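Dear colleague,

I am passing on the structure below, and my notes on it follow. Please read them with the model open beside you.

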Amino acid sequence: MGELYIGIMSGTSIDAADAVLVDFSHNKPELLAHLSLPWPAAIRTKILTLAAGGSEEIEAFGDVDILVARHFAELTAQLLASTPYTADDIRVIGCHGQTIRHRPNATRPFTIQVGDPNTLAEKTGIAVACDFRRRDLAAGGQGAPLVPAFHQAVFAHPQQTVVALNLGGIANISVMHPGKPIRGYDTGPANMLLDAWCLNATGQHYDENGDWAASGEINDSLLKALLAHPYLQRPAPKSTGREEFGLSWLNSTLYGQAALEANSIQATLCELTAISVAEAIKAEAACGQLVLCGGGAFNGYLVSRLQYHLPTWQLCRSSDYGIDPQWVEACAFAWLAKQLIDHQAGSVPTVTGADRACVLGGIYPGKVSLKSLFAKS
Ligand SMILES: Nc1ncnc2c1ncn2[C@@H]1O[C@H](COP(=O)(O)OP(=O)(O)O)[C@@H](O)[C@H]1O
Ligand SMILES: [Mg+2]
């Protein structure tokens, strides 16, 4: 068996589930195939309802757990069908699952991802590694972000400071100074809030290239009120999710502001992301390279605002390193699955605040015995 892994990721934007096929047999991970399968509206609504909290939660939880896993299985089948490989060629699927609750600061911290690994393993015949976040929580960490170790493996430079910025539903940074431990955390909201406002005001799921935002005007008073969110003032380590930065927070902040055009609110939300990210980066270093990952890398307006606030930083996309921005997170979960199989740590304590670096996740067998799965190829 070779070193082919599949990575599956769906982030807080809940736009689509992304899958990649990655070959780890060489020095550098090689992305062989990728596929994105949008969430059908009915499943997306169910996930959003569950993520928001409410009645009949346990019934809904059980149902969505299976629905999401079936979607991942379909995604895997379609991904493999686009390649010369079959399930037998794949060592493990590293599956993040879909987060429905993330409470790293609760009295007894917890995080919950759905997408039943048993269903996924049964339907694909491939072993599934999942539940990557909870071990880090158990070790006293935030359980997030988990991509920095992968960012380090792919983007770090021996002489230059590199920051990898993931513009997903939430924005998170990985700061890589030469010769120093990697740092990183969730800086605050990104696409999640942009998408929510865009859908609310225009009926479109996202603002293509940020063109609609660019047609508005940044409002200083609203911006100041948004930037006052306590999460943005809190010191790292920290992580956040839909709970803290949803539409209800935006609506309550809008209340008491002068009436604004909807596109100006969108422009101001972009500015909120750009400033919260830029401030976090400037606190780490005066200059360096900024590698853009995640769907927000395609929001031209947002990227232009980032460059405006970071004039001394050289911006590029992860595609300059061979991985398109859309696939970085899914590749990270393929890589985390490999770390688990190789009994290597996947978390970075300087990022999550955990007591130690841990081997992350659990494994659900596929057709192949676990013994041969763990045997070196
Ligand atoms: N061409 C584009 N123009 C503007 N925004 C885009 C574009 N492509 C993707 N996005 C944004 O990226 C989001 C998806 O990003 P993704 O990295 O998948 O986030 P997550 O990891 O939270 O699922 C979309 O919901 C949208 O906001
Ligand atoms: Mg996504």
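In which sense, parallel or antiparallel, do strand 4 and strand 7 pair, and over how many bridges? Strand 4 (residues 92-95) and strand 7 pair in the parallel sense, over three bridges, where pairing requires that DSSP finds at least two bridges between two strands, and where strands are DSSP runs of E of at least two residues and helices are runs of H or I of at least four, both numbered from the N terminus. Within this pairing, Gly-94 has Ala-129 of strand 7 as its bridge partner.

Before going further, please note that this is a predicted model, in which local features need pLDDT of at least 70 and side-chain atom pairs count only at pLDDT 80 or more, while totals for chains, interfaces and linings use all residues. Residues are numbered from 1 along each chain as its sequence is written, and chains are lettered from A and ligands numbered from 1 in the order in which they are written.

Strand 7 also pairs with strand 13 (residues 362-364), here in the antiparallel sense and over three bridges, with Cys-130 standing opposite Gly-362. From strand 7 (residues 127-130), Ala-127 and Ala-129 point one way and Val-128 and Cys-130 the other, and all are buried, meaning that 20 or more other C-beta atoms, placed from the backbone, lie within 10 Å of a residue's own.

As for the protein chain as a whole, its secondary structure comes to 15 helices and 13 strands, 50% of its 377 residues count as buried, and its C-alpha trace spans about 65 × 55 × 40 Å along its principal axes.

How values were computed:
Buried ≥ 20, exposed ≤ 12 C-beta atoms within 10 Å, placed from the backbone.
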